[in-house]
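Here are my notes on the model you sent over. Have it open while you read, and go through the points in order.

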Amino acid sequence: MTSKTYDLKKDERYLQLLSQSFPTIADASTEIINLQAILNLPKGTEHFLADIHGEHEAFQHVLKNASGNIKRKVNDLFGNTLRESEKRDLCTLIYYPEQKLELVKQEEKELDDWYHIQIHRLVKICRDVSSKYTRSKVRKSLPVDFSYIIQELLHENSNDKDKTDYVSAITSTIISTGRADDFIETICNVIQRLAIDHLHIMGDIYDRGPGAHAVMDTLKNYHTWDITWGNHDILWMGACAGNNACICNVIRIALRYDNMDTIEDGYGINLMQLATFAMETYKNDPCAEFMPKIMQPDAIDEKSIQLIAQMHKAISIIQFKVESQMIKKYPHWKMDGRLLYDKIDYKKGTIKIDGKEYQLTSCNFPTIDPKNPDVLTPEEQALMEKLHHNFTVSEKLREHILLLLRHGCMYKVVNNNLLYHASIPLNEDGTLREVEITPKKIAKGKDLLNKIGTIIRRAFQNNGAECDKDMQYATDYFLYLWCGPNSPLFDKHAMTTFERYFLKEKETHHEEKGFYFKFREREDIADTIMEEFGVNSAKGHIINGHVPVHVNKGESPIKANGKLMVIDGGFSQAYHKETGIAGYTLVYHSRGFELVQHEPFSSEEDAIKRGIDIVGTTQIVELNEKRLKVADMDKGTELKMQIEALQELLYAYRHGFLSESEKKNPPKL
C-alpha cells in the first residue's frame with residue numbers, strides 16, 4: 001500500500017459513502033479479514049433444474065433431496081456404520097420430517113432412544129452441510145425458535161470429553177420438554193436449506209402437470225433462485241398480459257392433458273362460460289380429434305371426457321382465428337404459412353399445404369364463415385372477452401408472473417456457465433442468425449436476447465396510462481416467442497398444432513428444428529455461442545433444457561465434448577414413455593459437475609411410507625483438479641472488488657484523505 005497513488009477527486013465520493021458503513025480503521029480492517037476468509041471457503045452447491053411442467057410433487061422432492069446431494073452426504077458420513085435401510089429412513093426423515101415422525105411414533109416403542117439417536121445424526125449432517133458457509137450465514141438461515149440451540153450443537157463437538165455432558169444435556173432437555181418433534185422438523189429444514197446454495201431453473205414451470213401454481217408458491221419462499229424463461233412460461237406471461245392467442249393456448253393445453261387444476265383451482269379462473277358455449281356449439285360433434293390425454297383414466301367418466309373434448313375443440317377453433325388475425329397484423333413475423341383457415345376448401349373438406357391437398361379428418365366448423373374465416377362470431381367474441389378479463393384480473397396469477405419477472409431473464413451467465421432455455425438462432429453455416437424483432441430492427445446472439453427481454457418487460461410496464469403502441473406490440477409479441485420460427489424459445493419452422501388435430505398424414509405434423517439443434521453437438525459452435533455471451537469457452541459450459549433427451553434411443557445429454565449439457569427435467573408424465581426416463585438434473589459443487597438421471601417419481605406417499613426415493617444414476621461430468629473455492633467464482637470476483645475498495649479506504653484513513661468517525665456503526669456481515 002505504500003506505493004499506492006490516491007486520486008482524491010476520482011474516489012472521494014465513493015469512499016465517503018463506504019466510510020458510513022466502515023467509519024474506522026478497525027471496522028475496515030475487520031471486514032477485509034472477514035472477506036479474505038470467505039474467499040477461501042468451498043464454493044456453494046448450485047442446483048440446476050429445467051422443464052418442471054407443473055409436476056409439483058416431483059419438483060418438491062427433488063428440492064428436498066437436492067438431486068441426491070443429501071443422500072450422498074449421508075453415505076459419506078455414515079458409510080458402513082449404518083444399514084442401507086437406516087440410511088434410507090434417515091434420508092426420508094430429512095425430506096419429510098413431519099410425516100415421517102407421525103409414522104415413527106406409531107411404530108417405535110423406545111421413542112426417547114430413537115430421538116437421541118436421530119438428533120445426534122441430524123446434527124452431524126447439519127454440521128457437514130453448514131461447513132461451506134460462514135457462521136454468520138448459517139445463523140441467518142436458522143429459525144428464531146431453535147437458533148441458539150442449533151448453533152451450540154453445531155459448534156460443540158460431543159467427542160470432546162469436556163463438552164460431552166453439555167451436548168448430551170441439550171439433547172435430553174429438548175426431548176424432556178416435549179420439543180423433539182419441533183426440533184427435528186426445524187433441523188431437517190435447515191439441512192435442506194444449506195444443502196443447496198442457489199437454485200437455477202432453465203424454464204418451463206408451466207403446462208401439462210397439475211401444480212404449476214404450487215411450484216410457484218414453493219419458489220416464492222425459496223431462499224435464493226433464478227429462472228431463464230421457457231416457452232411455456234412465456235405463454236402464461238402472455239396470457240397474464242392479455243394476449244388472447246396465449247390465453248387460448250393455455251386453456252387448450254390444459255384441456256388436452258385433462259388438467260384444469262392450475263387454471264381453476266390455482267388461479268381461480270372460471271371456465272364455465274366456455275363449457276356452456278362448447279356444449280351448445282358442438283353438441284352433435286363427436287370431437288374425436290380433441291379427446292384429452294387422460295393420465296388417470298379411473299378418475300373421470302365418459303360424459304366428462306366428452307365435455308372436455310368439446311371445450312378443447314371450441315377453444316382451439318377460436319385460437320386459430322385469433323392467431324391468424326395477429327399474424328396478418330405483423331407481416332415481418334413471416335408466418336403467413338400458418339394462415340391455414342385461408343387454405344381450406346370447406347365444401348370438399350380439404351386443405352392445401354405446400355402445394356399438396358390433404359383431406360381433413362372432419363370439417364365441422366359451425367363458427368367459421370368461409371369468406372371471413374378469421375372473424376369471431378358474436379358468441380365467440382363475448383366468450384373471449386370474458387376469458388381475457390378472467391386472466392388479466394387474477395391476482396395470484398399476476399403475483400406469480402411478477403415473481404418470474406423479478407427472478408428471471410432470457411439468459412444468465414453465472415460462474416462461467418451460460419444458461420438459457422432452448423436455443424440461440426443460427427444460420428446454415430453455424431453463424432449467429434439475425435432476427436427481425438420489430439420492422440427493420442434486427443438483432444442476433446446476446447443482443448437478440450437482451451432486446452427480447454426488454455420487450456417482455458415492456459408488456460407489464462403500465463403506469464396507469466392507456467396502452468401505447470409499444471406496450472401493445474410487446475403484448476402481442478408473446479405469440480411470436482411461443483411459436484415464431486426464429487424465436488429462441490421455439491426455433492422450429494412452424495408449430496403444426498392444426499395439422500396434428502385434423503390431418504392423418506404424419507409428414508404434415510413434422511416441426512423442423514432450427515440449425516442450433518443440428519449444430520449443438522459441435523464444440524466449435526458451443527465455443528462461438530459462449531464467446532458471444534462473454535463466457536470463457538476453454539472453461540465454460542452451456543446448460544439448457546427444452547428438448548427431452550431420448551435415452552431409450554441412445555441419446556446423451558452431454559454434447560459438444562462436454563461443453564453443452566441438456567437437462568430437460570422430464571418431470572412431465574407425458575414424456576416418460578417417449579424418453580424412457582424422468583429426465584435430468586445437475587449439481588455443481590466444489591468438486592465438479594454431477595449429472596443425475598432420474599427414474600419417474602412414484603408419489604410423496606411412497607417416498608414417506610416406504611422410503612422410496614427418486615432413483616437416480618449419477619454421472620460425473622467434470623471433476624476439478626482442486627476443490628473450487630469462493631475465490632474462483634463470480635462471488636469471489638465481487639468480494640475481491642470489495643476488498644480492494646476497503647484497502648483504498650484504509651489508505652485514505654491512514655494518509656489523512658478521510659477522517660475516522662467517532663460514531664461507530666457495526667459493519668453488516
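1. Tyr 14 comes out as partly exposed, at 47% relative accessibility (buried means under 20% relative accessible area, exposed over 50%, partly exposed in between, with a 1.4 Å probe and protein chains only). Look across to Leu 649: the two C-alpha atoms are 9.6 Å apart, although 635 residues separate them along the chain.

2. A word on what you're looking at: this is a predicted model, where local features need pLDDT of at least 70 and side-chain atom pairs count only at pLDDT 80 or more, while totals for chains, interfaces and linings use all residues. Numbering starts from 1 along each chain as its sequence is written, and side-chain values use heavy atoms, with hydrogens and water left out.

3. Now the inside. The largest nonpolar core has 195 residues, and Ile 205, Met 237, Ile 251 and Ile 456 touch the most other members (a nonpolar core is a set of buried Ala, Val, Leu, Ile, Met, Phe, Trp, Tyr and Cys residues joined through side-chain atoms within 4.5 Å). Helix H17 (residues 302–329) gives the most to this core, 12 residues. At least three residues come from each of domain 2 (46–203 + 523–628) and domain 3 (232–393); the domain bounds come from an automatic or database domain assignment.

4. Beyond its neighbours within four places in sequence, Ile 251 is in contact with Ile 263, Leu 271, Leu 274, Ile 315, Leu 387 and Phe 391 (contact means heavy atoms within 4.5 Å). There's also a second, separate core of 19 residues, with Leu 15, Ala 28, Ile 38 and Tyr 653 among them.

5. Most residues other than glycine have a negative phi. Ala 66, not a glycine, has a positive phi of about 55°; it is in the loop between helix H3 (56–65) and helix H4 (69–78). Lys 440, also not a glycine, has a positive phi of about 70°, and lies in the loop between strand S10 (435–438) and strand S11 (441–443).

6. Are those two residues buried or exposed? Ala 66 is buried, at 0% relative accessibility, whereas Lys 440 is exposed, with a relative accessible area of 80%.

Definitions and conventions:
Helix = DSSP H or I, 4+ residues; strand = E, 2+ residues; numbered from the N terminus.
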